[in-house]
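Biologist: Please bring up the model, and let us go through it by question and answer.

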Amino acid sequence: MRKICVVTGSRAEYGLLYWLMKGIQGSEGLEFQLIVTGMHLSPEFGLTYQQIEDDGFEIDRKVEMLLSADTPTAVSKSTALGLIGMADALADLTPDLLVVLGDRFEIFAAATAATLQRVPLAHIHGGESTFGAVDEAIRHSITKMSHLHFTATEVYRNRVIQLGEDPSRVFNVGAVGLDNIQRLDFLEIGELEQSLGVSLEPDTVLVTYHPVTLESATAKGQIEALLKSLDLARYQVIFTLPNADADGRIIRDCILKFAAEHPDRVKAFTSLGQLKYLSLLKYVSIVVGNSSSGILEVPAFGIPTINIGDRQAGRIAAKSVIHCGPDSVSIESAIEKGFNQEFRESLAGMANPYGSGGATEKIQKILEEFEIEGILKKRFFDLPPAVAGSQAKA
């Protein structure tokens, strides 16, 4: 039995990994292991490890790493704590392959420990670009530490190869989050309303806003601009609170204050979970913020995304995504366009550039069948001179 260990550190990432974890767990040729870390273990972020257990997963190791602060220094120290904890977890579990997704600092700690302990890595969602976030550097660093790569588009596959990775180890499988949309039994509107304590009959806007981590001291001004654009609005607003990033608490505190000032039409939730979040996308009018979900999953529902600022700048986006600056005038204008009936009608039949699902089955099959003997030793894959030259000019 090939031991496949999955690492998850946040609510959003767990939602993306859920069906792959179920597939590995039920595979006759794979032994499933699970390491839970980061926000899952924090009361401030809802102790979401409990949801993982409720979903039928046995957690093999819990790695505490989050400090109770959101400064860049605290994030660095949390990463260091994560590296120590991951070292012990990997030494105990001795997996044959470690599976990680994305680009957060928790995953960087896991990937670094695996590299130093000679554990092969499989990386999901590499090759993407986000100009405004420290995630950009972390993502490409994890790519260089990894041995198997599962990308969400062919453009991203080519970028991983451009980073020197062997094309035979780089697989374009599409976005794993789209499998949730295919497989989940969404909540009916009445059940969802009762669960959230809201009525979804009026126009509702779903908002998720995170710090732009490559900018300094902009979080307060940007969240205030967003809240100003929502202040006099006629519609209902549902917030999901930000991740554990530098300056995340500034945004969190501003949102909670705003919700307290508008109790009749504003609700804020620490964590909705995938089922409630994706069910909401069936009934809300627009998604606003700077979450990757607005780029990857929301277009599958045919509704507009208002993507604010640079946190997701660089990602391939569907025609339903409206980009705008992080100022109130730009945000208000973008929201107005999102409500425009002609624009909304133009989205009918729109294709999602991230595929239509099926990524998890493809990944599971490769995890079961790919020969990993000797996979640790990698050679840098050089592009042909003509290709490298044309890409340099571009």
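Biologist: In the lining of the largest pocket, how many residues are nonpolar, polar and charged?
Modeller: The model is predicted. Its largest pocket has a volume of about 1,100 Å³. Of the 49 lining residues, the closest to the centre include Arg-11, Glu-13 and Gln-274. The lining divides into 13 charged, 22 polar and 14 nonpolar residues.

Biologist: Which element gives the most to the lining of the largest pocket?
Modeller: The elements that give two or more residues are helices H1 (11–26), H2 (49–54), H5 (135–145), H11 (273–280) and H12 (293–296). The one that gives the most, with eight residues, is H1.

Biologist: Does Ile-124 count as buried or exposed?
Modeller: Ile-124 sits in strand E5, residues 121–124. Leaving aside neighbours within four places in sequence, its contacts include Leu-17, Leu-20, Val-99, Phe-150 and Ile-363. Buried means under 20% relative accessible area. Ile-124 has 1% relative accessibility, so it counts as buried.

Biologist: How far apart in space are Ile-124 and Ser-146, C-alpha to C-alpha?
Modeller: In sequence, Ile-124 and Ser-146 are 22 residues apart. In space, their C-alpha to C-alpha distance is 9.8 Å.

Terms used
Residues are numbered from 1 along each chain as its sequence is written. This is a predicted model: local features need pLDDT of at least 70, side-chain atom pairs count only at pLDDT 80 or more; totals for chains, interfaces and linings use all residues. Side-chain values use heavy atoms; hydrogens and water are left out. On a 1 Å grid over the protein atoms alone, a cavity is a set of points where a 1.4 Å probe fits but cannot get out, and a pocket is an open set with protein on both sides within 12 Å along at least five of seven lines; lining residues have an atom within 4 Å of a point. Grid points are joined across faces, edges and corners, and a volume is the space filled by probe spheres set on the points. Helices (H or I, at least four residues) and strands (E, at least two) are DSSP runs, numbered from the N terminus. Ala, Val, Leu, Ile, Met, Phe, Trp, Tyr, Cys and Pro count as nonpolar, Asp, Glu, Lys and Arg as charged, and the others, Gly among them, as polar. Buried means under 20% relative accessible area, exposed over 50%, partly exposed in between (1.4 Å probe, protein chains only). Contact means heavy atoms within 4.5 Å.
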